[in-house]
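Subject: A structure to look through

Dear colleague,

I am handing over a structure that I would like you to read slowly, with the notes below beside you. Please open it first and then follow the notes from one place to the next.

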Amino acid sequence: MLTLPDFREKQMLFVHAEWGTRSSLRFLNDNIVFSKDGKVVNRASCHKVFAVFIMGDMMITSRLLQKAGTHAISLFFLRNNFEVFAPFAAKAEGNYLLRMKQYGLSEDEEFSIAKHIVANKIENQNRLLLSRKKGADKEEMEQMRERIKNALNGQELLGIEGEYSRKFFSGYFSEINWWKRMPRVKPDVSNFLLDMGYTYLFNFVDALLRLHGFDTYKGVYHKLFFQRKSLACDIVEPFRCIIDRQLLKAYNLKQVHEGDFDIVHKKVTLPFDKQKKYTSLFLQVIMDQKEEIFSYVHEYYRHMMDTKNDMPKFNIKTK
């Protein structure tokens, strides 16, 4: 199993195949080598790579795939709208004890974990709101915790989360002409960028869960649904605030320019030459928090193996 000291050295790569060029990724001398039209453009040691996001038409050698599995490197192939269409995820196989624990959780045990995850998410959203002088005070947050604690079922818990998320988005992003959150629809630039950031974060978390041996399709808050990685959906919730904070920071630093984006069939799109700029904003902030995310997933693994170990908690830094 990957350890934190090893993980500290890891990085994520974004590889972009330009239109009209013959781009390839191959394995050579313990390096992942990126070439265009037969010329080496860049290389990275396979010992320092955790995940590679690939956009555009790219030739991949079978040896690279083999070595990616050996070195626990996940590859994610992206469409132009930044949706992953073909993941090649490294994973730890054979941890049947962990999966027995996953499948053996009672409904009450799953619901208890779900409440913890939702409470953690809302607390982080409130920290961000407080940083903008718009959050709830201690008494209001205590009332929120009581509502979560007293929730009777998953639908009620979902309603509490949705209610607070609407309040969070409208308050936190009020200065950037926020309308409303519309996942995957991409009606405006801010929703497009949130989708982009959440995609990178989701696949980063999913790759970590797989390396611990989890079945990421078996969640506790998000229930079983065809082809949905419900556990990754669960664990990413407390960390969404990382992307939220980075988006507002980018707007405040004038790094987001409406002119960079196009509208195609009433959906926001991002031209090829602008993709690297916005990708780097989110990959960098995820790497800045990679140790905290790794520790959370590892502590969740320890809790799953023995419930005497506490559930992990992530606290967003607002400064």
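Leaving out its neighbours within four places in sequence, Thr-216 is in contact (heavy atoms within 4.5 Å) with Asp-206, Leu-209, Arg-210, Lys-229, Ser-230, Leu-231 and Ala-232. Thr-216 sits in the loop between helix 7 and helix 8 (230–236), where helices (H or I, at least four residues) and strands (E, at least two) are DSSP runs numbered from the N terminus. Its relative accessibility is 1%, so Thr-216 counts as buried; buried means under 20% relative accessible area, exposed means over 50%, and partly exposed lies in between, with a 1.4 Å probe and protein chains only.

Before you go further, please keep in mind that this is a predicted model, in which local features need pLDDT of at least 70 and side-chain atom pairs count only at pLDDT 80 or more, while totals for chains, interfaces and linings use all residues. Residues are numbered from 1 along each chain as its sequence is written, and side-chain values use heavy atoms, with hydrogens and water left out.

The loop that holds Thr-216 is also the place of Gln-227. Gln-227 is not a glycine, yet it has a positive phi of about 65°, and at 63% relative accessibility it counts as exposed. Asn-29, in the loop between strand 2 (23–28) and strand 3 (31–36), is another residue other than glycine with a positive phi, in this case near 50°. Its relative accessibility of 65% makes Asn-29 count as exposed.

Now to the chain as a whole. The protein chain has eleven helices and ten strands. Its radius of gyration, taken over C-alpha atoms, is 20 Å, close to the 20 Å that the globule rule (2.2 Å times the number of residues to the power 0.38) gives for 319 residues, so the chain is as compact as a globular protein of that length. The C-alpha atoms fill a box of roughly 60 × 50 × 35 Å along the principal axes. Of the 319 residues, 52% count as buried, and among the contacts with a separation of 6 or more, 65% come from residues 24 or more positions apart.

How far does helix 4 reach from its first C-alpha to its last? Helix 4 (residues 107–131) has 25 residues and reaches 36 Å, close to the 36 Å expected at 1.5 Å a residue, the expected span being 1.5 Å times one less than the number of residues. For helix 6 (residues 154–172), the 19 residues should span 27 Å, and the end C-alpha atoms are 26 Å apart, which agrees.

The buried residues of helix 6 include Leu-157, Ile-160, Tyr-164 and Phe-168, and the buried residues of this helix pack against helix 4, helix 5 (138–150), helix 7 (189–211) and helix 9. Leu-157, at 0% relative accessibility, counts as buried, and, not counting residues up to four places away in sequence, it touches Phe-111, Ala-114, Lys-115, Val-118, Ile-148, Ala-151 and Tyr-221. Leu-157 and Lys-115 are 42 residues apart in sequence, with their C-alpha atoms 7.3 Å apart in space. Over in helix 9 (residues 240–252) you will find Lys-249, which counts as partly exposed at 47% relative accessibility.

Two packed helices are described by the angle between their axes and the distance between the axes. Helix 3 (residues 96–104) and helix 11 (residues 290–305) pack at an angle of about 75°, with their axes 9 Å apart; axes are lines fitted to C-alpha atoms, for helices over the stretch in contact, and angles run from 0 to 180 degrees between N-to-C directions. Helix 3 is therefore roughly perpendicular to helix 11, a description used for angles of 65 to 115 degrees. Helix 3 brings Leu-97, Leu-98, Lys-101 and Gln-102 to the contact, and helix 11 brings Tyr-301, Met-304 and Met-305.

Helix 11 also holds Tyr-300, which counts as buried at 1% relative accessibility. Leaving aside neighbours within four places in sequence, the residues in contact with Tyr-300 are Ile-113, Phe-214, Val-220, Leu-231, Ile-235, Met-311 and Pro-312.

Conventions. Parallel < 35°, antiparallel > 145°, perpendicular 65-115°, else oblique.
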